[in-house]
Amino acid sequence: MTAVTTPDSIMMRLRTDTRTLHDRAEKTGFQQAMIAGTLAREHYVESLVQLFCLHRALEAHLRTLARRNPAVAAVVRDYQYQEPYLREDLAYFGRDIADIAPVPATQRMIDTLDLLAADEPLALLGVHYVLEGSKNGSKMLTQVVRRTYKFAGEAGTRYLDPYGDKQREYWGAFRADMDAIELTPAQRAAIVNAAGATFSGITEVYEELYAAPATGK
Ligand code: HEM
């Protein structure tokens, strides 16, 4: 599906206004070590734990919002909910969901989500944009991660590449669906701000994880 890319499209604006923040997230020691195949396995697993905490919180809010707002329901498709993929990965690594907790940087993001859900729920689409868009890069990293840790098949990388051959199609659909929503200037600004805060928050999560010793939990 071809996305609408008129100059005032929200997707154009998100891409342009958050590009610098994307590049900063991409350049973190964590991401660079992942590309180089030198990231400790424990750091990789812990990142999935943190992303699980984040997605669980975000997706609970998105489900509520989608029930109330048809525009959101039209954007957020079932396959975009990442919690099941993360559950599969964490089960593979033997991590018990009952026994995981957000690090401070993740908790700050979760607190922000709760505020957005209460005050400016449409801004949650900006958060969703960052995480859904991250599949563009993470798909490229999947092969190196599988080689690095000697994972067999899709095990342990369901979150990195949940869509397989459908990645481009799903990203195109998301872009078109986002651009089809009618938004006021204030709503557009809130979505872009939330996306920026999400990039910064994720960067902090990666920095916090990478600075911690790999404990082998
Ligand atoms: C090694 C790290 C990363 C690499 C190599 C990478 C690479 C890429 C590439 C190649 C694209 C597609 C650009 C295009 O088709 O125009 C992309 C898009 C994107 N990435 Fe990353 N990325 C990385 C990390 C991240 C992280 C950590 C996040 C956020 C959690 C992220 C969020 C996004 C988003 C939101 C887009 C969509 C941009 C748009 O609006 O077109 N990326 N990335």
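What is the mean pLDDT of the protein, and what share of its residues reach 70 or more? In this predicted model, the mean pLDDT is 95, and 96% of the residues reach 70 or more. Over residues 1-5, however, the pLDDT is below 50, although this stretch has 14 contacts in the model beyond near neighbours in sequence. Where pLDDT is low, the predicted coordinates should not be read in detail.

The ligand has 16 residues around it, of which Arg15, Gly133, Ser134, Asn136 and Gly137 come nearest. At least two residues of this shell are supplied by each of helix 1 (10-26), helix 2 (29-36) and helix 7 (124-149). The most is given by helix 7, which provides eight residues. By class, the shell around the ligand comprises eight nonpolar, six polar and two charged residues.

The packing of helix 3 against helix 5 was also characterised. Helix 3 (residues 41-68) and helix 5 (residues 83-92) pack at an angle of about 155°, and their axes lie 9 Å apart. Because angles over 145 degrees count as roughly antiparallel, helix 3 and helix 5 are roughly antiparallel to each other. Their crossing is left-handed. On the side of helix 3, the contact is made by Leu48, Val49, Leu51, Phe52, His55, Arg56 and Glu59; helix 5 contributes Glu83, Leu86, Asp89 and Leu90.

Notes: Residues are numbered from 1 along each chain as its sequence is written. This is a predicted model: local features need pLDDT of at least 70, side-chain atom pairs count only at pLDDT 80 or more; totals for chains, interfaces and linings use all residues. A residue is near a molecule or strand if its C-beta atom, placed from the backbone, lies within 6 Å of it. Helices (H or I, at least four residues) and strands (E, at least two) are DSSP runs, numbered from the N terminus. Ala, Val, Leu, Ile, Met, Phe, Trp, Tyr, Cys and Pro count as nonpolar, Asp, Glu, Lys and Arg as charged, and the others, Gly among them, as polar. pLDDT is the predictor's confidence in each residue, from 0 to 100. Two residues are in contact if their C-beta atoms, placed from the backbone, lie within 7 Å. Axes are lines fitted to C-alpha atoms, for helices over the stretch in contact, and angles run from 0 to 180 degrees between N-to-C directions. Angles under 35 degrees count as roughly parallel, over 145 as roughly antiparallel, 65 to 115 as roughly perpendicular and the rest as oblique. A crossing is left-handed if the near helix is turned anticlockwise from the far one by less than a right angle, and right-handed if clockwise.
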